[in-house]
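Try each task before you read its solution.

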Amino acid sequence: MTAALVTLSNVGKVFASGVTALERLDLKIQPGEFLALLGPSGCGKSTALRIIAGLAEPSSGRVEWRQPEAQSEKGGIGFVFQEPTLMPWATVAANVRLPLKLMGQGNSAQPRVDAALTRVGLAGFATSYPRELSGGMKMRASIARALVTEPRLLLMDEPFAALDEITRFRLNNDLLAVWEALGKTVVFVTHSVFESVYLAQRVVVMMPRPGRVFTELAIAAPHPRDESFRTSAEYASYCRLVSQALARAMGEHA
Amino acid sequence: MSAERPKEEARPRRERVLRILLPIAVLAALILVWHAVVRLYAIPPYVLPGPLLVLSTLMSDRAVLWSSLLVTLATTLEGFLLAGFGGIALAVLFNQSRLIEYSLYPYAVILQVTPIVAIAPLLLIYLPQQAAVLACAWIVAFFPVLANSTLGLNSVDRNLADLFRLYGATRLQVLAELKVPSALPYMLAGLKIAGGLSLIGAVVAEIAAGSAGAGSGLAYRIVESGYRLNIPRMFAALLLLSVSGIAIFFALSLLSHLLLRRWHESALASEV
């Protein structure tokens, strides 16, 4: 195995309120992999993601990057929130352009914005405003914004949790297509067993109070995956395995 | 998404007509009752002039009333602009520096809660009359702009703020690209209140000045006409003040609608 892109060792996070969100979290993120962080609410998945992004500081432990300069490099990380988090006053194109603008690359942004919008299937909606889009399309715009800087690492915090199942399946497929085409490293936080198995090569199951890694399972089914994988016996058996692991993770706590 | 459209547009059309017609009908009814009462009870014009007399006074005294209206409107506009710019600038300053906010905010509140009617005579002693009137209009109007803008600047979506941080946005970028646009609906709400209040401030100061026997604005005309028992002219001046207030309100609502119509929920609702 090659050197990990990011290594979290013994990371702990205690909030100012005294709540311990993470304790002794160890996690290696391999370059190019699709990793799912699975766990019940309150297990610190989102906190771990924010720490990797540099949006939160760990209270203890270390976060190490294979290339230390990569962490501070602007635009090296794309982040997709649970909500689309678009600026309602700006068009879709202006929203996608934002990261480049903030990085001082706004002038040469147009081709990259167009490419990102095409990539997520929103090419015709550049001049629309977020409120004119459906929930799924807003999320696509949010993903385009995260991709526009061509980040090494894409962090996604339960991005499809608020969407209906039909839209979620379509976005799952489209996200896999993007990942297969671009070869980015993806860390995908979810509380859905089915979503984690469908998407990821590796599912890290976390347990709550305090948040830490319970176990991890490799999902060896080859990519590209599609609807036939979703209905296969292999998929079902992986889902059962992961569900049992999750049940144990929660049971051990209760 | 597209299927809902036609239905949504058909219902508002009827509602829009009703929203315009009903208030006009009420106004017409009130004027009729007013006219009838004055006629039936033969009320003398120095007690209550009828609507026709008010209208004819408006025409016959138009030279005096028009120039007074311009004076009052000029004061209102200047007070409003000062309040708008001052309120927004102060809110931005408060947002950028906690220390300045802690130091000055209590005094902004004190200025607001002290009744302007009580301050106006004092201002008239210490300031030239025109400046005092303007100061009154400003004091009354600036607080809603300040309070609303401050609220707006602090109501930024947390995730969006994180996103700006992730891409290394500068302080100025966060202010210009995130905080000010987020606060715009709040600022406009503050300005809408400030428009009416700056008229009230101007009128209060003119009345205070008028009782000292000086002035030229509409409110001064009302005081003066009161002294002379010229009640029809009082009514005519009052009518002009009301119409001005309504015009200011609509102008600011229109401005708000034009600026927000593409994205803000409030503008969507008022599209009806």
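**Exercise 1.** Find how far apart the C-alpha centres of domain 1 and domain 2 of chain B lie, and work out which residues of the two domains are in contact, by number and class.

*Solution.* Keep in mind that you're looking at a predicted model.
- Start with the bounds: in chain B, domain 1 covers 1–42 and domain 2 covers 47–269.
- Next, take the C-alpha centres of these two domains of chain B; they are 28 Å apart.
- Now count the contacts: five residues of domain 1 of chain B meet four residues of domain 2 of chain B.
- Finally, sort the domain 1 side of chain B by class, and you get three nonpolar residues, one polar and one charged.

**Exercise 2.** Describe the side of chain B that touches chain A: how many residues are in contact, and which helix supplies the largest share?

*Solution.* 
- Count both sides: chain B brings 17 residues, and they're in contact with 18 residues of chain A.
- Look for helices on the chain B side: H7 (158–166) and H8 (171–211) of chain B each supply at least two residues.
- Pick the top supplier: H7(B) gives the largest share, seven residues.
- Sort the chain B side by class: nine are nonpolar, four polar and four charged.

**Exercise 3.** Is A:Val204 buried or exposed, and what is it in contact with?

*Solution.* 
- Locate A:Val204 first: it sits in strand S8 of chain A, residues 202–207.
- Count its neighbours: A:Val204 has 24 C-beta neighbours inside 10 Å.
- Compare with the cut-off: a residue is buried if 20 or more other C-beta atoms lie within 10 Å of its own, so A:Val204 counts as buried.
- Leave aside neighbours within four places in sequence, and the contacts of A:Val204 include A:Leu27, A:Leu35, A:Val213 and A:Glu216.
- Check one pair for distance: A:Ile219 is 15 residues from A:Val204 in sequence, and their C-alpha atoms are 11 Å apart.

**Exercise 4.** Which residues touch the most other members of the largest nonpolar core?

*Solution.* 
- The core has 85 residues, and those touching the most other members are A:Leu38, A:Ala144, A:Phe188, A:Val204 and A:Met206.
- Ask which helix gives the most to this core: that's H5 of chain A (residues 135–147), with seven residues.
- Zoom in on A:Met206: leaving aside neighbours within four places in sequence, its contacts include A:Leu38, A:Cys43, A:Phe214 and A:Ala249.
- Then look elsewhere: a second, separate core has 54 residues, among them B:Leu90, B:Leu124, B:Leu199 and B:Ala208.

Conventions
Residues numbered from 1 in each chain as written. Chains lettered and ligands numbered in written order. Predicted model: local features only at pLDDT ≥ 70, side-chain atom pairs only at ≥ 80, totals over all residues. Domains from an automatic or database assignment. Contact = placed C-beta atoms within 7 Å. Nonpolar A, V, L, I, M, F, W, Y, C, P; charged D, E, K, R; others polar. Helix = DSSP H or I, 4+ residues; strand = E, 2+ residues; numbered from the N terminus. Core = buried A, V, L, I, M, F, W, Y, C linked by C-beta atoms within 7 Å. Buried ≥ 20, exposed ≤ 12 C-beta atoms within 10 Å, placed from the backbone.
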